[in-house]
Amino acid sequence: MSSEIIIEKLSIKYRSSIVFENVSLDIKKSEFFVLLGPSGCGKTTLLNAIAGFLKPHSGKIYVDGKEVKQPGLDRCVIFQNAESALFPWMTVKENSEFGLKLRNIGSKEERNSLIKKFLKKTNLDGHEAKYPKELSGGMKQRLQLARTLVMNPPIILMDEPFANLDAQTRRLMQLELIEIWRETRNTIFYITHDLREAVILGKRIAVMSRGPKAVIKNIYKLENHYPRDLTTNECNNLLREIEENLIEEVRIGENN
Amino acid sequence: MNKAVIIIRRFFIPIIFFFIGWQIIGFLTPDIFWPSLGTFLTTTYKTLASGEIYRHLGHTMARVYGGWAIGGLAGAFFGVVIGESVVASDILKPYLTLGRFIPAIAWIGVFIIWFGSGVPSILALVIYSSTFLSILPTLNGMIYAGSLTERIRSAQVMGANRWDIFLKIKIPTALPQIWTGIRTALAVSFLQIVAAEMLVGSTGLGYVIWTSRIYFLITKMFVAIFMLGFVGYLSDVVLQNIGIKFLKKYGIK
């Protein structure tokens, strides 16, 4: 299941200052869309607006033609800090079952088999009875992912989910995420400040500028297939091009 | 560490120190102020064997547990309500802040006029103090639970409405602090009961301590004092273990 997201001239103010204005984006069904930008440029604010946590100052967001006004079951979010997003008093299985139980989806057996399937997919099988505090950082993020996938949301919004992980675990998680996405084909809106991660994951990469009024400057499209090899000419050229673009953005931001 | 060593260190050594310390002070002070170890042990034995003290103990405990159960639960309830509702918080918080600076015992005169000089006044005091004691930790727990934006939002995107978030996310998150409030309220109930029984009681350990003073029954006073400490300690251990057994997954240690 997947949906498209259309963002039209969106502006968001925080108190009296403008975070960004006139941002327009068009995210296609089943697309892996990455939003890249320096820290503090407003990426998370945009994600929160799509999730329905924030009200825009002006402009509109549509999911499958329907305007976003509040959080909805069609848009699940995976947060950067799994520690605070998971429910520490619930086991891995109970965490995964939370949304299904809340919405009364399926019989107990159906729920169990669904959870089993996605815990296996996220390499968490065998850990069902553990509590979040007993899991490593990577496993906690896998649990957030499993908990989201069992709900089969058309859109998954991911807020730098691997930023707190060590380099090796991050690489492994990126590969796993791509594998899962290729199978499930949910629309993914993924934000990161890590350029290499953006090129490894994204079908399209939008670069957000930094400054008092951030805008989306360029959108890059990647043609080659997954899993991506960053040493190919296409990836290399793209990395260089985006990097120059980003450095310029950081400079502008610092001078402002 | 070896289990026997732990038992020796935690139980036997403190008891031996207690007896040695007791005897040293007993040597240095007249019997009327501090009985010798022999007098203390025989009087303790006689007091415990006579059975009279247990009636007082029973009355004190019934008042402590009764008042604490009502007050602790009421405090937890008000703490949750105030923590959840901004309006209730705005209206009630000034009273809470003010109330914190009024010692519970200051109300005993008022309670005597309202409820008479007896058990109802003692109960009112215990209920009052344990309510106050458990409101604040509960309130802090609820405020903390409300500050965990990501936890609340992650429940929201899975379909949780306000009631679900309150019941299934905020209360479990605040539970360790609610429990701390309830436990502290029990300890404070023990403090209040003695003062209340001294002033308005006709039974109870507080009453025993207060009336023994008139006849210089220093040993009997010690027995009642230690009995309170012992039962209080035991109650806290039992409560702590109940918490660990049933609420461990919520982070109660």
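Q: Which helix gives the most to the lining of the largest pocket?
A: H10(B), with 8 residues. Helices H1 (3-28), H2 (37-50) and H10 (218-247) of chain B each supply at least two lining residues. A helix is a DSSP run of H or I with at least four residues, numbered from the N terminus. This is a predicted model: local features need pLDDT of at least 70, side-chain atom pairs need 80 or more, and totals for chains, interfaces and linings use all residues; side-chain values use heavy atoms, leaving out hydrogens and water. Residues are numbered from 1 along each chain as its sequence is written, with chains lettered from A and ligands numbered from 1 in the order in which they are written.

Q: What makes a set of grid points a pocket?
A: On a 1 Å grid over the protein atoms alone, a pocket is an open set with protein on both sides within 12 Å along at least five of seven lines. Lining residues have an atom within 4 Å of a point. The largest pocket has a volume of about 560 Å³. Its lining has 16 residues, and B:Phe18, B:Phe40, B:Phe226, B:Met227 and B:Phe230 are the closest to its centre.

Q: Why is the B:Phe18 and B:Trp22 pair called tilted?
A: Rings of Phe, Tyr and Trp (its six-membered ring) pair if their centres lie within 6.5 Å. Planes under 30 degrees apart are stacked, over 60 edge-to-face, the rest tilted. B:Phe18 and B:Trp22 are 5.6 Å apart centre to centre, with 45° between the planes, so the pair is tilted. Both residues lie in helix H1 of chain B, 4 residues apart, about one turn.

Q: How do you know whether B:Trp22 is buried or exposed?
A: Buried means under 20% relative accessible area, exposed over 50%, partly exposed in between (1.4 Å probe, protein chains only). B:Trp22 has 3%, so B:Trp22 is buried. B:Phe18, at 34%, is partly exposed.

Q: What makes the B:Trp107 and B:Phe111 pair stacked or tilted?
A: The angle between the planes is 20°, and the centres are 6.3 Å apart, so the pair is stacked. B:Trp107 is partly exposed, at 27%. B:Phe111 is buried, at 6%.

Q: Why does the charged end of A:Arg147 count as sitting over the ring of A:Phe87?
A: The rule asks for NZ of Lys or CZ of Arg within 6 Å of the ring centre and within 35 degrees of the ring normal. The charged end of A:Arg147 is 4.8 Å from the centre of the A:Phe87 ring, and the contact counts as a charge over a ring. The charged end of A:Arg228 also sits over a ring, that of A:Tyr226, 4.4 Å from its centre.

Methods: On a 1 Å grid over the protein atoms alone, a cavity is a set of points where a 1.4 Å probe fits but cannot get out, and a pocket is an open set with protein on both sides within 12 Å along at least five of seven lines; lining residues have an atom within 4 Å of a point. Grid points are joined across faces, edges and corners, and a volume is the space filled by probe spheres set on the points.
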